[in-house]
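Q: I am new to this structure and would like a close look at one part of it. Please take me through it step by step.

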Amino acid sequence: MEITIMVALVITLALFFDFTNGFHDTANAMATPIATGAIKPKTAVALAAVLNLVGAFLSTEVAKTVSGGIIKEGDGIQITPDIIFAGLMGAILWNMLTWLKGLPSSSSHALFGGLIGAAIAGIGIHSINFESLMQKVILPAIFAPIIAGAVAYLCTKLAYALTSRHDPETGTKLTQKRGGFRNGQIFTSSLVALAHGTNDAQKTMGIITLVLIAAGTQEPGSGPQFWVIASCAFAIAIGTYSGGWRIIRTMGSGLTDVKPAQGFAAESSTASAILASSHLGFALSTTQVASGSVIGSGMGRRGTTVRWGTAGKIAIGWLFTLPAAGLVGALTAMLVQTGVVGVVIAAVAGTGAVLYMFLHSKKSHVGHHNAVEVEEAGAAVRFRKKKALAVSRANNKPKDEL
């Protein structure tokens with residue numbers, strides 16, 4: 001197979017991965033504002049798509065980490081398009097499987113796992129830059145969700161303390177008015193979507209840059225070209241707009257019942273962590289950060305319940321992401337190294353697996369209409385309904401009562 005054809009195939013596969021990354025991670029920004037009724041579902045995913053698109057143009061530090069940090073360059077090590085193809089196959093299949101199960105797993109770690117497994121099988125374990133892997137992937141994966149959760153916990157406590165109202169004479173608790181947080185969520189969720197674009201879209205930029213370097217059409221150590229940035233930005237935006245409603249259901253109501261103040265705190269901590277990591281070049285898992293923030297905000301609100309069973313399933317998904325994607329990447333790498341026939345078999349098998357999971361998802365359809373029960377999610381939503389009911393009653397009163 002000519003390398004130009006293989007390069008084109010890998011770039012196409014990379015953009016498809018970027019698309020799956022978009023719908024897999026829409027929930028990171030928009031699950032909580034949808035759950036609290038701050039933004040209508042369709043409006044939320046459209047807003048997230050636009051901001052993902054914009055965010056993809058703001059930075060390239062993470063792309064450089066992917067293209068020149070995890071897999072070594074030089075010293076007799078040559079990463080080939082075949083290896084990158086195999087790594088992407090592992091990442092895509094894991095993304096599709098976890099989407100089907102509604103688990104907010106890490107697209108980033110699926111990508112890294114697939115690449116690492118493919119590189120080890122195709123080149124050898126010496127091709128992996130373990131120092132960079134530890135510093136910019138493993139350690140952030142451990143500490144980022146913990147830190148984000150702790151910040152969300154403190155922010156939630158602070159939000160409820162500052163807005164608590166009591167009768168000055170009797171000290172009894174008055175009706176709390178926290179509907180303002182609902183409006184604030186529009187800003188914070190938008191910031192998360194923007195931050196997601198600055199971090200996750202760049203990972204695919206790094207992959208395409210890596211394959212261009214491997215094909216000899218770009219200098220080693222150079223950053224992504226403009227056409228690469230633009231195509232990845234549009235791919236993740238289109239994926240984001242498609243929704244990813246199964247994971248929105250888990251993030252919006254599966255972990256805890258989210259109220260506006262909680263959502264505001266969770267989104268603020270998520271955006272801060274992602275933007276900081278993008279600036280430092282850390283290929284952070286936005287999913288892990290967002291999940292940690294939602295759990296932290298749930299713990300910070302008195303009387304709420306964190307569904308630790310669901311949290312445990314998500315944690316298991318996190319634990320298996322790197323090795324599972326790595327295993328598929330390694331098997332695919334061994335297959336494609338047999339030649340053209342191996343590449344065709346891998347492509348056909350991967351396409352078949354994706355189509356099967358997509359068709360299987362139709363048996364239990366989840367969309368914008370049933371992803372989250374908004375009516376039960378926030379006091380702001382109920383407040384609006386009561387007001388509308390009061391106006392209706394006033395309009396129906398006899399004239400002599402007015």
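Is K203 buried or exposed, and why?

A: This is a predicted model. K203 counts as buried because its relative accessibility is 0%, and the cut-off for buried is under 20%. The residue sits in helix α7, which covers residues 179–214. Its side chain has a polar partner: the side chain of S108, at 2.3 Å.

Now to how other helices pack. Take α2 (residues 41–55) and α8 (residues 226–241). Their axes come within 8 Å and cross at roughly 170 degrees. Angles over 145 degrees count as roughly antiparallel, so α2 is roughly antiparallel to α8. On the α2 side, the contact uses V45, A46, A48, A49, N52 and L53. They meet A233, F234, I236, A237, T240 and Y241 of α8. By class, this contact has ten nonpolar residues, two polar ones and no charged ones.

Next come α4 (residues 81–100) and α13 (residues 340–361). Here the axes come within 10 Å, and the crossing angle is roughly 10 degrees. Angles under 35 degrees count as roughly parallel, so that is how α4 and α13 run. Their crossing is left-handed. From α4, the contact residues include F85, M89, I92 and W99. From α13, they include V343, G350, F358 and H360. The class count for α4 with α13 is 15 nonpolar, three polar and no charged residues.

Conventions
Residues are numbered from 1 along each chain as its sequence is written. This is a predicted model: local features need pLDDT of at least 70, side-chain atom pairs count only at pLDDT 80 or more; totals for chains, interfaces and linings use all residues. Side-chain values use heavy atoms; hydrogens and water are left out. Helices (H or I, at least four residues) and strands (E, at least two) are DSSP runs, numbered from the N terminus. Buried means under 20% relative accessible area, exposed over 50%, partly exposed in between (1.4 Å probe, protein chains only). A polar contact is a pair of N or O atoms within 3.5 Å; within protein, one must be able to donate a hydrogen and the other to accept it, and residues adjacent in sequence count only if both atoms are side-chain atoms. Axes are lines fitted to C-alpha atoms, for helices over the stretch in contact, and angles run from 0 to 180 degrees between N-to-C directions. Angles under 35 degrees count as roughly parallel, over 145 as roughly antiparallel, 65 to 115 as roughly perpendicular and the rest as oblique. Contact means heavy atoms within 4.5 Å. Ala, Val, Leu, Ile, Met, Phe, Trp, Tyr, Cys and Pro count as nonpolar, Asp, Glu, Lys and Arg as charged, and the others, Gly among them, as polar. A crossing is left-handed if the near helix is turned anticlockwise from the far one by less than a right angle, and right-handed if clockwise.
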